[in-house]
Amino acid sequence: MSRTALRICPLCEATCGLTLTVEGNEVTGARGDREDVFSKGFICPKGASFGAVDGDPDRLRTPLVRRDGELREATWAEAFDAVAAGIRPVVERNGPHSVGVVLGNPNVHTVAGALYPAVLLARLGTRSLFTASTVDQMPKHVSSGLLYGDALAIPVPDLDRTDHLLLIGANPLESNGSLCTAPDFPGRLKALKARGGTLTVIDPRRTRTAKLADRHLEIRPGTDALLLAAMTYVLFEEDLVDLGESAPHVEGVDEVREAVREFTPEAVAPACDVEAGVIRTLARELAAAPTASVYGRIGSCTVPFGTLGSWLVDVLNILTGNLDRPGGALFPLAATDRTRPAGPGRGFRLGRWHSRVSRYPEAKGELPLSALAEEIDTATEEGEPIRALIAVAANPVLSAPDGDRLDKALGALDFMVSVDPYLNETSRHADVVLPPPPPSQSPHHDFALNALAVRNQVRYSPPAVPLEPGRMAESEILSRLVLAATGMHGADPSAVDDLVIGQTLGKAVEEAHSPVHGRDPRELAAQLTGESGPERRLDLMLRLGPYGDGFGADPDGLTFARLLEHPHGIDLGPLRPRLPQALRTRSGRIELLPRPIADDLPRLGAALRERPDGLLLVGRRHLRSNNSWMHNVPALTGGTNRCTLHIHPEDAERLGVRDGAPVRVKGAGGEVTAPAEVTEGVRRGVVSLPHGWGHDRPGTRLSHAATNPGVNVNQLLDGSLLDPLSGNAVLNGVPVEVAALVTTP
């Protein structure tokens, strides 16, 4: 007999509500939850394939431990014994920094992935942290940290109320949005146009989003910051600057005026291939719109000037008075955010430590993922190389530049543990693989993504089906991993949650502004509800959050128990202005021209004189993919979701490339061979390969992905190209050579 269960989709950043059909303990179908307060029934192909993703037969069901050189099934006890025996000697012999931690993108899509890695890092004491952020979004974190004093204070476009939206390097009709949590992004863009608004897309590819736009500009890859700087220049030159309500909170406007003086539209136009008159029009229309928002994403982050481009996105929003106002770009307020009074904060610093080999500065506590291989395989006098690695939901062999080098480096580690449901290109190197259960057997709440949502709301999904016998909850896996790696092996895993709850309440009762100031932490802890440690921690965060009951201070406030009474979620209303409360700079104001930005602007000025010859490589996304996650699901591969090289017809004719024929693509890090797809979907001089493919390495258990492996686009990169402020890998606008392997007659 079938039943239904509600579930928030964990397969991308849109966080849509699903209604699952369950037969026994198997998910057999999924449709949109029409009563979901946020997504209102919207669903994409990934969500519709939830059952296939959940029930993939290649998912690991028991731990694997390496014995006599081979990974073999083991008990959970044996697996954690092996973790303790492998990690602790490395720490004791070489120190905590010799243990690297790699966190992949899926961590933000699970409750456990959001709650436990920070505890692992704090208890382990390592500075060798690498995450997917430095091949994706770190420039936005850095620019936000420098502007607002908080790397997590990222304004999002108020999609449902704006009159004018300018997208740069973003393709939300394929990605479903990123650093902007918005179910049914396509519908929201269509609604913008229906109410008479304007959509402008700046992208070297004619994406599905670009086809929807009122204006599409095919910019030269990597020159986004130049274009945005020229628009900023126009605002000053034509006296269009109007800070609006944010004026009392901004300093450094005159300094920005001087800093962009050389970036005239006439100087910038040849470099970015956008006419000077068009640049002026873009700036004028942005300033004239009743409300407007500029939104930049991965295409503008994964370039040599990623942080400068991300900074200029916010500068334009600020100078046109669109920051922190309805219809502009606002700071969301998630239900689990900590309440804090307005006023100066600790600010944001870069380079508190550096990588050992290339001396890359840390950003937000992280080192560049591009540096992971050299931190393992290169000896220096600056300390021990990484000798052990903990990878949680990460596949850097495919996601980081020069996967071949990293592949070899991982094989030389003293010890490695992977928390991963698959034996993939990275986890195949592990000495221990700890597989979490499928999403249907796990709870869900979006801790990180609700802080980027275009509407304030809160939702929670209990597990849709019971934990399968022999499985271990992901929260228990990560708790036991923390204990095994930090010298507490064998302790009750609940100790990890109790530790966090105790520390959090201990601090809260000492804060004068806290609703629990002066109370007994033990008495407060006893009030927490929930059947598991993660649920009790969620209850804690909700109660102390901006909508919470403050442990009884507000009888109508939010608690976990109240959230459970609303299975479709609770709508907390549209985004609201939050200045100055959102600021944590030392001045307590928006610092419009931070010193690191000012020091990096001459590098952008030098780019005015650069004219790269040859072809430039950019990536691309597909609606049915999320990085390398889903290529093992037949329903989500094939058709247009293929690993092909997009090339413009004129470039194809010049190079003798035939549609469908193999071509060799060569970059600084190596070369790959892929089928050509001749299309006007890319501008002349640009080629495109998708990210996340390359499932052809031995020792994996990805049976479907191996039938159509594609190629790893990141193998074209040698890892040396980084945005210097953020350490983000340069993945777009990279020079490559393309040659036909079968020439046209």
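In the predicted model, Leu528 makes contact with Ile501, Arg536, Asp539, Leu540, Arg543 and Phe551, when residues up to four places away in sequence are not counted. Leu528 is part of the loop that runs between helix 21 (521-527) and helix 22 (533-544). With a relative accessible area of 9%, Leu528 falls under the 20% cut-off and is therefore classed as buried. Between Leu528 and Phe560, the C-alpha to C-alpha distance is 8.6 Å, although 32 residues separate the two in sequence.

Leaving out residues up to four places away in sequence, the contacts of Thr307 are with Pro139, Val142, Ser143, Ile597, Asp723, Leu725 and Ser726.

Ala276, Ile279, Arg280, Leu282, Ala283 and Leu286 are its buried residues. Viewed down the axis of helix 13, these buried residues lie within an arc of 155°, so they line one face of the helix. In general, an α-helix has 3.6 residues a turn, so residues three or four places apart point the same way.

The crossing of helix 10 and helix 13 is right-handed. On the side of helix 10, the contact involves Leu227, Ala230, Met231, Val234, Leu235 and Glu237, which meet Ile279, Arg280, Leu282, Ala283, Leu286 and Ala287 of helix 13. Classified by residue type, this contact contains 10 nonpolar and two charged residues, with no polar ones.

Gly403, Leu406, Asp407, Ala409 and Leu410 are the buried residues of helix 18. Around the axis they cover an arc of only 165°, and therefore lie on the same side of helix 18. Lys408 and Gly411, by contrast, are exposed on the other side of helix 18. The elements covering the buried residues of helix 18 include helix 16 (372-377), strand 15 (388-392), helix 17 (396-399) and strand 16 (415-419).

Conventions
Residues numbered from 1 in each chain as written. Predicted model: local features only at pLDDT ≥ 70, side-chain atom pairs only at ≥ 80, totals over all residues. Heavy atoms only, no water. Left-handed = near helix turned anticlockwise from the far one by under 90°. Helix = DSSP H or I, 4+ residues; strand = E, 2+ residues; numbered from the N terminus. Contact = heavy atoms within 4.5 Å. Nonpolar A, V, L, I, M, F, W, Y, C, P; charged D, E, K, R; others polar. Buried < 20%, exposed > 50% of the residue type's maximum accessible area, 1.4 Å probe, protein only. Arc of directions from axis to C-beta.
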